[in-house]
Amino acid sequence: MIKSAVTEMLGIEWPVFQGGMAWIADGRLAAAVSNAGGLGIIAAGNAPADYVQKQIETARSLTEKPFGVNIMLMSPYADDIAALVAREHVRVVTTGAGNPGKYMKMWKDAGIIVIPVVASTAMAKLMTRAGADALIAEGGESGGHIGELTTMVLVPQIVDATSLPVIAAGGIADGRGVAAAFMLGAQAVQMGTRFLSAKECTISDAYREKVLKAGDLCTVVTGRRLGHPVRSLKTPFARNYAKAEYSDISDEELEAMGTGALRKAVVDGDVEHGCFLAGQIATVVNKVESAEEIVHSVIEEAEPLLKGAAKWVK
Ligand code: TUI
C-alpha cells in the first residue's frame, strides 16, 4: 500500500494519475482508471465545451469515484471549459500549456481541487501563491507539449519551491519510475504513454501498434521555432515538420501544417499524415492490458523497490 498526501487529498486508493491526453483521454478511459483506484482525467484538448460535457456525463455514468478534467490552456475554448467544470463541480481540474491564474478563484469557489502542470520553479511559486492544491511537475520526456527540463531535475526543484504535494510526470511507465519519483520527493505520479496501451483507450490500431513497437530513440521534438515544443513518434509527419521548421516557410504555414494532425493519428490511424504524440518511455510499453492491470502492476512493482531501498544504506 502506497499512501501519500495526494491519495488523502483526493480520496483515491493509489497515487497514480492518468494524463489528460488530447483527443485520447475520454470519459471511458478516465472512468476505468478511477475505478482501478487511480485518478482518471478527461482531456479537453482543443475540443468545444459540449464535447467535454458529454465526456463528464459518460464518466459519471461509469464510476462513482473521483475523476478530473484537464484543460489545455492554449485551446480557443479554454474559457468555456473553465466555466463548465465550475458549473459541473468536477472534483479535480488539471491544466497544461499555460498559466491558469485567471480561473483560480472561480474554481476554488466551486470547491474544485486545482492541480496545474508546471514546467518551471517560477510557475510553481506563482501557482502556490494563487491557491493551487498540488502541482504536477512534468519533465520533457513526456509526449505532447513539453517544457525545457527533464523529470530528474525538475521534480526535486519543484518540491523545494513549493509547500504543496507534487505529482511527477514524464518518463514514468512502470514501478521503477514510480519508486524513483517518490525518491525525488513526489507524492504521486502521472502517466500518459503507458495508458495508450490500455484496453479502454480507444485510439486507432495504428497508434497502439506504433507505441507497442517503439524503441528508445523513437521520439522527436518539433515546434521549437513556434515556441511550442511537442514530442511525438518519428513518423513521416514529424520528419516533414522538422524539415519545414528549418526551411524558409512562414510561421503561419508551419502552424497550419500541424492543424488536425493529432486527430489523423488518434481517429484515422493515418501513419503518413498523423502526429503520434508519445513520451520517451514508450519503449517499455509493450503489452495491452486493462487500466486496472496497469494501475495495480505499477504499484505492485514500486512497493518492494521502495521497501527495499534501505538495502543500499550500510
Ligand atoms: O500540456 C501538456 N501537454 C500537451 S498539450 C497538447 S495539445 C497541443 N498540441 C499542439 C501544440 C501545443 C499543444 C499536447 N500535449 N503538458 C503540460 C505542460 N504544461 N507541459 C508544459 C506546460 C506548461 C508550459 C508553460 C505549463 C505552464 C507554462 O507556463 C507558461 C507561462 O505562462 O509561463
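Me: When does a charge count as sitting over a ring, and which ring lies under the charged end of Lys210?

Reply: A charge sits over a ring if NZ of Lys or CZ of Arg is within 6 Å of the ring centre and within 35 degrees of the ring normal. In this structure, which is a predicted model, the charged end of Lys210 is placed over the ring of Phe276, at 5.8 Å from its centre. Another such case is Lys3, which lies over the face of Trp14, 5.7 Å from the ring centre.

Me: How many aromatic pairs are there, and how is the pair of Tyr207 and Phe276 arranged?

Reply: Rings pair if their centres lie within 6.5 Å, and planes over 60 degrees apart count as edge-to-face. The count here comes to 3 aromatic pairs. One of them joins Tyr207 and Phe276, with 5.0 Å centre to centre and 65° between the planes, an edge-to-face arrangement.

Me: Which parts of the chain does that pair tie together?

Reply: Tyr207 belongs to helix 9 (residues 205-213), while Phe276 is in the loop between helix 12 (261-268) and helix 13 (291-307), so the pair links parts that are 69 residues apart in sequence. As for burial, Tyr207 is buried, with a relative accessible area of 0%. Phe276 is likewise buried, its relative accessible area being 0%.

Me: What kind of pair do the rings of Phe237 and Tyr241 make?

Reply: Their centres are 5.8 Å apart and their planes stand at 40°, so this pair is tilted. Both residues lie in helix 10 (residues 236-245), 4 residues apart, or about one turn of the helix. Phe237 has a relative accessible area of 10% and is buried; Tyr241, at 8%, is buried too.

Me: Is Ser34 buried or exposed, and where does it lie?

Reply: Buried means under 20% relative accessible area. Ser34 has 1% relative accessibility, so it counts as buried. Ser34 is part of helix 2 (residues 27-35). Setting aside neighbours within four places in sequence, Ser34 has contacts that include Leu39, Gly40, Thr63 and Phe67.

Me: How does Lys108 count, by its relative accessibility?

Reply: Between under 20% for buried and over 50% for exposed, a residue is partly exposed. Lys108 is at 31% relative accessibility, and therefore counts as partly exposed. Lys108 lies in helix 5 (residues 104-109).

Me: What is Lys108 in contact with, leaving aside its neighbours within four places in sequence?

Reply: Lys108 touches Ile113, Val114, Gly131 and Asp133 beyond those neighbours. For Lys108 and Gly140, 32 residues apart along the chain, the C-alpha atoms are separated by 29 Å.

Note on methods: Residues are numbered from 1 along each chain as its sequence is written. This is a predicted model: local features need pLDDT of at least 70, side-chain atom pairs count only at pLDDT 80 or more; totals for chains, interfaces and linings use all residues. Side-chain values use heavy atoms; hydrogens and water are left out. Helices (H or I, at least four residues) and strands (E, at least two) are DSSP runs, numbered from the N terminus. Buried means under 20% relative accessible area, exposed over 50%, partly exposed in between (1.4 Å probe, protein chains only). Contact means heavy atoms within 4.5 Å. Rings of Phe, Tyr and Trp (its six-membered ring) pair if their centres lie within 6.5 Å; planes under 30 degrees apart count as stacked, over 60 as edge-to-face and the rest as tilted.
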